[in-house]
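My entries follow in the order in which I looked.

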Amino acid sequence: MANLQEKIAKLSPAATFEIDGTGILQATVPAKEWHDLAKALRDDKETPMDYLVTIVGADWVESLGCIYYLMSTTDRSMCSVKVVAEGDRETPYIDSVSDLWHIAEIYEREVYDFFGIIFINNKDMRRLFLNIDWVGYPLRKDYDEDPAINPISIENERQSDNTTVYTKEDGKIVKKERAIFHHDDFVVNIGPQHPATHGVLRFRTAVDGETIKKIDVYMGYIHRGVEKLCESLQYPQTLHFLDRLDYFSGQVYHHGLCLLYEKALNIEVSRRAQVIRVMMDELSRIASHCLFMGTYCMDLGATTMLFYTLRVREQILDIFEKTCGARMTFNYACIGGVMQDIAPDFAADVKALLEVLPANIKEYNKIFTGNVIAKNRMEGVGVLSREDAISYDVTGPAGRASGWACDMRKLFPYSIYGELDFEQCVRPEGDSMARFKIHIDEIEQSAKILAQLVDNIPEGEYCVKVPKVVKLPKGQWFQLVEGCRGACGFYVESDGSTKPVRLKIAPPCLPLAGVVEHITTGNKIADLITIGGSLDYIVPDMDR
Amino acid sequence: MENVQYPHIFDFSRITGPIHDWLMGFLPAWLTTTVECVAVGVGLLLVYALLALFYIYFERKVCAAFQCRVGPNRVGPWGLLQSFADMFKILIKELIQLNHIDKFLFALAPYLVIIASMMCFAVLPWGDGLQIIDFNIGIFFLIACSSIGVLGILLAGWSSNNKFTLIGALRSGAQMVSYELSIGLCVVTMVCLAGSMSVTDIVMAQADTWFIIKGHVAALIAFVIYMIAGTAETNRGPFDLPEAESELTAGYHTEYSGIHFGFFYLAEYLNLFIVSGVATLLFFGGWMPLHIPGWDGFNTVMDYIPTPIWFIGKAILLSYIIIWFKWTFPRLRIDQLLSLEWKYLLPINLFNLALMVCIITFHWTL
């Protein structure tokens, strides 16, 4: 970390440094030096900061700005860079880093959408989630929530075929319009209501015959402003939104945010609670991967497979239901442990599941993975290289299928993952088939973890005593966990009160949708379904 | 045609003949034909509807079995009345009027599709003496009629003024034109063996052994290709690209509602029956019972089973295979679909035709 500090200090002499609550180095650099610093950090010979974990927009009342979380994939070193925007509150601006990290284009759009910070040279400076005629920037502290300003529209959705680009010429910001599609493109609107978009996601697809020329991803149809809502809720209340993001990783997301709060509050969680949480995480991973395989096969036209995978998933949901009382929105992990103790026959049920899993996996491979049509449809389709996976932030199974070892359980072992014996599954091919197969591999690994824990659930309390009113000390924290679809980051900034000043959720699915255009262009329409399905994005997770 | 070889097969012309004579006794010839046509038409419609309902039920039950489910089991015993309920539901549904479409073509399309499949029924070998028209180019007529269906699909896709339907229709056009080639060549291969295009002659030529055995290798290859091409021709999975639910929502019939949608739906199932029926005719003897040369007792017992049961039974068994395809395989992509036809099936088929000619010329038939 000292090295990193020296390096940044050398590149940007004006930088100031501090360590945040999680032990991550934070450098504050002037906006003018940011782009050069970013370029130097990314192009560093030994430990290039090639992974832009997330961009957290923030409003510190006297100024607006962003915190960039960067990670090096070579030595896992992590740092954050705080950049205060130039300009006044009307038009704050920062240089875009979308030329360095592809994913920054979408992340910067999100910051623009919520905070109104303009990113100079970003090729697509539109709102990401909100309507194009939305008034105000909702995550700013002085945002006017009066419904009269932004009434609920009962008319058709307004949309524009143009996007905006801001450039800087002679120290002045110049706004330019740019058309998204060529004027004679045949644009097919896939979504928001479409069987294969896995939720209300919309692709405006320019096609030439059956070949895709360009895709414009449109999201925000189920944007609920979770981050905004959290700012007016107490810490324990914020947890409940997490079941409604990636609704298959509810357990994992709860776990992640609890870890972060517990770190901030210095709470030691009992071993029993930790084991239960990890088991729940892995159970939901299996259930989620099963559903992925089923729906993916259904996207490809093999409907029968869905029922074979749902069979296992139902069994897991039954286990959840016995313990949490719910099959989807579990609300299980809480600050200090878990909500209730496990059901008496939890261990027996898990054992029964572990018994049927191998036979089921064998069956999946028999009916689908080995099928010649499936192979033709998936092999070599939508190849994502390792470099692009990193640049587009494609984590989770999709990233690992591109050869990027990005399992947060291994990179930053949280909870008890450090003691467990399991492999990180990585495949080098990067095509849809690899993305499919890696899910099967991960089910096997999750089963391995469960097998280690099921007989070793220690006795003890399932939830430690926590103050009735949770107040986080002043400061900021960042936590990464491995959700079912990839790395999920949580950022919390506290001013010492009972409510967060800023809670940012960096979901894995937003980058997954962001990479769709890159790997589908030039393929067939049917491949859009193959590739989109294999990336396995969940729309509520990207929209939040 | 008098059936000398197998006298125990019940010849349905023993029933139809006297009726015809009776009508001719007091009606002029043109009126007799008209009356007969109407009667046959009504009968055909009834068979058509019943078969479609049966097929819907059958497919749902079969696919439920594949998917570890029960399938329809609430309406009537074993859910038998489910498809009747579905039919009445679809009959009373509203036909939604769309703006910005070509109204005439839009309304015409489903009728074209259903008429095409109905016309094919005319030449199917339902039973001994139960054929509606028996003329010397029967099988050729059937192929010609089934080609009209694609016209309906193209029209449906075009007139809906919707990009999804248009892509679906164009896919369908490419697919049907390609696979009709394979079907045609398979038929030609088998016609060579039969030495006739008349449906009755083809059936009678299989009186001692079915063509699938008589033509052995060549017939087997032709059968496999025919089943693949036939599945493609009926737009069923894994070749259901024109509908491709997950890609094009419902393909060419996205915009249809009520009974117009019902027509496409019915036609799909009836085409399934026709494809299996033709396969039965070409490879498994049509209505001809199973005969094993030399086993006279066995043959006689087989002959007592009415011929329509043989035909429909065989056709349903073959449909079962096609349904099995659908619920097992994922869907192909359009370029893979076309390369399968033009790069593999077509050359194999041409080679197979030559092989069949050799088999016939050198009397290698079994």
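**Entry 1: a sheet of chain A**

I began with Val187(A) and found Ala206(A) in β11(A) as its bridge partner. The model is a predicted one: local features need pLDDT of at least 70, side-chain atom pairs count only at pLDDT 80 or more, and totals for chains, interfaces and linings use all residues. Residues are numbered from 1 along each chain as its sequence is written, while chains are lettered from A and ligands numbered from 1 in the order in which they are written.

I noted that β10(A) and strand β11 (residues 202–208) of chain A run antiparallel and are joined by 5 bridges. Strands here are DSSP runs of E, at least two residues, and helices are runs of H or I, at least four residues, numbered from the N terminus. Two strands pair if DSSP finds at least two bridges between them. The open sheet has 3 strands in the order β10-β11-β12 (chain A), with antiparallel pairing. β10 (186–190) and β12 (211–218) of chain A each have a single partner strand, so one side of each has no neighbour in the sheet. From one strand to the next the twist averages 25 degrees.

**Entry 2: another sheet of chain A**

I then looked up an open sheet of 3 strands, β15-β16-β17 (chain A), and its pairing is antiparallel. Its edge strands are β15 (475–483) and β17 (502–506) of chain A, each pairing on one side only. Neighbouring strands are turned by 10 degrees against each other on average, direction ignored. I counted 9 bridges between β15(A) and strand β16 (residues 486–494) of chain A, in the antiparallel sense. Within β16(A), Glu493(A) stands opposite Gln476(A). Helix α6 (residues 250–265) of chain A packs on the sheet and touches β15 and β16 of chain A; its direction makes about 150 degrees with that of β15(A). Contact means that the C-beta atoms of two residues, placed from the backbone, lie within 7 Å.

**Entry 3: helix pairs of chain A**

At what angle do α8(A) and α9(A) pack? I read about 170 degrees between α8(A) and helix α9 (residues 346–369) of chain A, with the axes 10 Å apart. Axes are lines fitted to C-alpha atoms, for helices over the stretch in contact, and angles run from 0 to 180 degrees between N-to-C directions. α8(A) and α9(A) are therefore roughly antiparallel to each other; that word is for angles over 145 degrees, and roughly parallel is for those under 35. The crossing of α8(A) past α9(A) is left-handed, that is, the near helix is turned anticlockwise from the far one by less than a right angle.

I listed the residues that meet, among them Val312(A) and Ile316(A) in α8(A) and Leu353(A) and Leu357(A) in α9(A). By class, this contact of α8(A) with α9(A) has 12 nonpolar, 4 polar and 3 charged residues. Nonpolar covers Ala, Val, Leu, Ile, Met, Phe, Trp, Tyr, Cys and Pro, charged covers Asp, Glu, Lys and Arg, and the others, Gly among them, are polar.

I followed α9(A) to helix α14 (residues 432–454) of chain A: their axes come within 10 Å and cross at roughly 160 degrees. That makes α9(A) roughly antiparallel to α14(A), and the crossing is left-handed. The contact includes Leu357(A) and Tyr364(A) of α9(A) and Ile440(A) and Ala447(A) of α14(A). I sorted the contact of α9(A) with α14(A) into 12 nonpolar, 1 polar and 3 charged residues.

**Entry 4: a helix pair of chain B**

In chain B, helix α4 (residues 103–121) and helix α11 (residues 258–283) have axes that come within 9 Å and cross at roughly 25 degrees. That makes α4(B) roughly parallel to α11(B). The residues that meet include Val113(B) and Ile114(B) in α4(B) and Phe263(B) and Leu270(B) in α11(B). This contact divides into 11 nonpolar, 3 polar and no charged residues.

**Entry 5: where the chains meet**

How many residues of chain A are in contact with chain B? I found 24, in contact with 22 residues of chain B. On the chain A side, α10(A) gives the largest share, 4 residues. That side divides into 13 nonpolar, 6 polar and 5 charged residues.

Key
Angles under 35 degrees count as roughly parallel, over 145 as roughly antiparallel, 65 to 115 as roughly perpendicular and the rest as oblique.
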